[in-house]
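Biologist: Please take one part of this structure and describe it closely, with its surroundings. I would ask that each term be given with its cut-offs.

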Amino acid sequence: TNRGFIKDTHIPLAPLAPTAEAGPIINNQEYTSGFIVEVSLPSDALPNHIIKIYLGETEFISDRLTAQQISSGKYIFVVGIGTLGADGVKTFRARIIDHLDRISPLSDVLILTLDTQAPTSPVISSVAADNKINALEKQQVVINGTSEMNSVVKISLTDQISTKSASVKLI
């Protein structure tokens, strides 16, 4: 009888891009508490295949997939304080290595920005034309100043009768 064989040249499929429950900007509280990142596994992933997670170009995690992870279709990990280095843009990608050491393509990228520093205090440079609010200006006041990009500044104006507050997102 002729006993042939089929050469398996299948390259593992790439995982989907990692996703994070936090972000896209990771603040100090999220970083200190740790935040979850999830990678959806490709349909051909099997127990004992290796998943590699990259932070930028550097290997961040290397782990063997379990039957439970395969059945859930997800690999989940927590990014904890001190693991990402200095503030700035961080990228995560993933790949699978099968039992024959064949390497999948890299996943698409997850882009996060680590921003653990408290924003600088806003500076009000002028209120109205003369830094005094008169009866005409009371209905619509122009306040000029500066603050950090993407910050929310809360402004409260108090007179003898009431306090008016507004929050403004600076972009």
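Modeller: Contact here means heavy atoms within 4.5 Å. The model is predicted, so local features need pLDDT of at least 70 and side-chain atom pairs count only at pLDDT 80 or more, while totals for chains, interfaces and linings use all residues. Residues are numbered from 1 along each chain as its sequence is written, and side-chain values use heavy atoms, with hydrogens and water left out.

Leaving aside neighbours within four places in sequence, the contacts of Val39 are Pro15, Leu16, Pro18, Ile51, Ile53, Gly73, Lys74, Tyr75, Phe77 and Ala94. Between Val39 and Gly73 there are 34 residues in sequence but 8.5 Å in space, C-alpha to C-alpha.

Ring pairs join Phe60, Tyr75, Phe77 and Phe92 into a cluster (rings of Phe, Tyr and Trp, the last by its six-membered ring, pair if their centres lie within 6.5 Å; planes under 30 degrees apart are stacked, over 60 edge-to-face, the rest tilted). The structure has 4 aromatic pairs. One of them, between Tyr75 and Phe77, is tilted, with 6.1 Å from centre to centre and 40 degrees between the planes. Tyr75 is buried because its relative accessible area is 4%, and Phe77 counts as buried because its value is 6%. The Phe77 and Phe92 rings have centres 6.3 Å apart and planes at 55 degrees, so this pair is tilted. Phe77 belongs to strand 6 (residues 74–79) and Phe92 to strand 7, so their pair ties together parts that are 15 residues apart in sequence. Phe92, like Phe77, is buried.

Strand 7 (residues 88–97) pairs with strand 8 in the antiparallel sense over 5 bridges (two strands pair if DSSP finds at least two bridges between them). Within this pairing, Lys90 stands opposite Leu112 of strand 8. On the other hand, strand 2 (residues 25–27) and strand 8 are parallel, with 3 bridges, and Ile25 has Thr113 as its bridge partner in strand 8. In a regular strand, side chains alternate between the two faces of the sheet. In strand 8 (residues 110–115), Leu110, Leu112 and Leu114 form the covered face, whereas Ile111, Thr113 and Asp115 form the uncovered one.

Most residues other than glycine have a negative phi, and most peptide bonds are trans. Asn48, in the loop between strand 3 and strand 4 (50–55), has a positive phi of about 75 degrees although it is not a glycine. Asp101 has a positive phi as well, near 65 degrees, and lies in the loop between strand 7 and strand 8. With a relative accessible area of 61%, Asp101 is exposed.

Finally, strand 3 (residues 35–40) also includes Ile36, which counts as partly exposed because its relative accessibility is 32%.

Note on methods: Helices (H or I, at least four residues) and strands (E, at least two) are DSSP runs, numbered from the N terminus. Buried means under 20% relative accessible area, exposed over 50%, partly exposed in between (1.4 Å probe, protein chains only).
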